[in-house]
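Colleague: I have a model open and would like to go through it with you. Can we start with the terms?

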Amino acid sequence: MDAKDKDFIENYNKFKDKIYTYFWYRVNFNTALAEDLTAEVFVKAFKNYNDFDTKKPFQAWIYAIAHNHLVNYYRTANREVDLEQAYSLSINDAGKLDAKFELERIVAIINSLEPYCREVLQLRFIDQLSNTEIAQMLQKDEGAIRTQISRAMQILKEKIKEYG
Amino acid sequence: MDNMESKLNNLPRKKLSRKADLAIKLKLYCLIWRKLISNFEWDFSFASLRPALATFLILIAVVIIPGYAYANDNITRGNFLYPVKRGLENIEINLPMPENQKVAIYEKLAERRLNEAEVLADQAGNDKPELIKDTLAEAANLKEKAEEKAKNSDIKNTIKANEIVTKSAERQTEKLSKVAQKVGIGSNDELIDSIALALDHVKTNKKEDHKFYNSFPEAEDATVTGTSTEDTGTGSSTSQKSHQTVIKKSQKKKINLSTRSEAERAITEVKENVTALKDSLTKDSYQPEEVEKLMDKLNTKINRSYQAIEENDFNKLNGLLDTTKALANNAKHFIHNENKSNNGKGKDKGQFQNSTSSNSFENADKKNGNKRNK
C-alpha cells in the first residue's frame, strides 16, 4: 500500500459519515440506499484518486463526486420521477418520522423547496460546508452563494410560517 | 433568522453503520490489492528488474563463481579462474586453526595440485609440460609445508599429524602414478624428472624408499643441480625454477658426492642397476619400445654424469644421479605393461614399488652405501 492509498483511507475515515449524511438527507432517509451510494462514491473516488490534486481540499472534491453521483442516480428515466416523488413525499415522510419534531419538519420543508434553494441550504446547514466550499462544489461565485443562501432562508421562513 | 440558523445547524448527523463501513473498507482494500497486483506485473519490466539482476550478478561474482572455481579440479593453471581458486585457498590456509588441521589442509591442497596435474596431463598432455611442472612444484611446496607443520606439532598431536601425512602420501603416490602414466616415457625430460622426483619425495613419507637415500651421505644444504638446468631448451625460466624446487625438495637428504673416485663408483653402480632394471622390465613383459626409450634416457643421463665428472661439475653430477635414480626407481610408473594392457586390469600401484627390479636396484644402493659408510 503506497502513501496515496493510505492518504485515501484516512480521508475515507474522516468523511464517510458526512457523505453518508449527505445521501441520507437526499434519498428520503433511506439508510440502505444511502449506504450503497456512499460506498459507490468512495469506490469511484478511489479509482480517480490518482487524478486528484492533493493540494486541493478533499472535502470539496468528494462532495462534488457525491453530488454528481446523486444526480446520475436520479437522472435515469425512472428515477427522475422518483427524485420528484422523493421530494414531494418528504413532507409526508417527515410526518412518518414524527412531525412533532420541529427539526424533522424543517428538513421536510427544505426538501420541498425549489432545487436551487434546497441545495444550498442542505449543503450549508446539513453538510456544514462553508460558502467557499459550496461555491467550489457548485462552481459558482462565493458572493452568489451567500445571496442564494440568504434568499433560501427567507423562503424557508415563509414556508414554515405557511405550514404553521 | 439566527434562531432558524441555529436550528438548522442542529439538524441530526447520521453515522455510517459499522457493517456498511466494513463493507466499504473491504471494497477499498480489494481495489488497493488489485492495484498492487497490477503494479507488480508491470514491475517485471527490465528497468524494475535491474536491482534484482544486479544482485544476482553480484551473487554469481561473489559466491557461485569462486565456489565453482574452488571446488573444481578442472580449473588448472592457465585458466582465468585459477587466481580466484588460489586466492580462496590462501584465505583457507590463513584462517586460524590448530596445527593438525593446517597439516590436513596443506595435504588436501597438495592433492588438489596433483589432481590438477592429472587434468593437465589429460588435456594438454605433452604440449604444456611447463604447466604440469609448475603444478607439481606447487604440490611439493605444499607437501613440504604440511611436513613442517607435522614436525612442529606438539607431542600430543604429532602422531595424528604424521598419520595425516602418511595417508596423504599414499593417495598422492597414486595420483602421481596416474600423471606419470598419462605423460608417458616419451615426454619432456624435465617433466619426467619432476614426476619421478616427486614420486620419490612422496614415497619417502610412506617410508618405502628411505633405503635408497640413506645409502648416501646426508646433505642438508645440498645445492641444486645439473638436471634442473639441463639443456632441453623447452622450459621457461619459471618452470625451470619450479623444476629446481621439486629437485631441491627431494634432495634435502640425498647425494652429495665431492670426489672423482666416489663419483665414478656411484655412476658405475647406477649403470649396473640400470642394466638390471632393463632385464627385469623385459622379463616382466613391459612394452619393449617404451623400455628402450627409458633406457635411452637413463643412459643419456649416465653419459652426461661422466661428462660432469670431466668438467668437475659435482653439483650437476649430483643432480643427474638423483634424477637418474628417481627415474629408475619409478620407471614402472611411466611405462606400460603389455600383460596389464592386454588383461585390461593391472597390478596395484604398490606392486610397482615392490617389484624385483626396484628392490634390487635399491638394495644394491644400500649395499654400496654401507660399503661407503664403512
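Modeller: A salt bridge here is a side-chain nitrogen of Lys or Arg within 4 Å of a carboxyl oxygen of Asp or Glu. This is a predicted model, where local features need pLDDT of at least 70, side-chain atom pairs count only at pLDDT 80 or more, and totals for chains, interfaces and linings use all residues. Residues are numbered from 1 along each chain as its sequence is written, chains are lettered from A and ligands numbered from 1 in the order written, and side-chain values use heavy atoms, with hydrogens and water left out.

Colleague: How many salt bridges are there between chain B and chain A?

Modeller: Two. Asp5(A) and Lys35(B) meet in a salt bridge, 2.6 Å from N to O.

Colleague: And over all chains, how many?

Modeller: The structure holds 21. Among them, Glu116(B) pairs with Lys85(B), with the closest N and O atoms 2.8 Å apart. Glu116(B) is in helix α5 (residues 99-123) of chain B and Lys85(B) in helix α4 (residues 82-94) of chain B, so the pair links distant parts of the chain, 31 residues apart. Helices are DSSP runs (H or I, at least four residues), numbered from the N terminus.

Colleague: Back to the interface. What area is buried between chain B and chain A?

Modeller: About 3,000 Å², with carbon and sulfur atoms giving 70%. Buried area is the accessible area (1.4 Å probe) that two parts lose on being put together, summed over both. The contact (heavy atoms within 4.5 Å) takes 33 residues from chain A and 25 residues from chain B.

Colleague: Now helix packing. At what angle do α11(B) and α12(B) pack?

Modeller: Helix α11 (residues 260-283) and helix α12 (residues 288-310) of chain B pack at about 175 degrees, with their axes 11 Å apart. Axes are lines fitted to C-alpha atoms, for helices over the stretch in contact, and angles run from 0 to 180 degrees between N-to-C directions. The two are therefore roughly antiparallel (over 145 degrees; under 35 is roughly parallel, 65 to 115 roughly perpendicular, the rest oblique).

Colleague: What residue classes are in that contact?

Modeller: The contact of α11(B) with α12(B) has 13 nonpolar, six charged and three polar residues. Ala, Val, Leu, Ile, Met, Phe, Trp, Tyr, Cys and Pro count as nonpolar, Asp, Glu, Lys and Arg as charged, and the others, Gly among them, as polar.

Colleague: And α3(A) against α7(A), what angle there?

Modeller: Helix α3 (residues 58-75) and helix α7 (residues 131-138) of chain A pack at about 45 degrees, axes 9 Å apart. They are therefore oblique to each other. Residues in the contact include Tyr63(A) and His67(A) of α3(A) and Met137(A) of α7(A). By class, that contact has five nonpolar, three polar and one charged residues.
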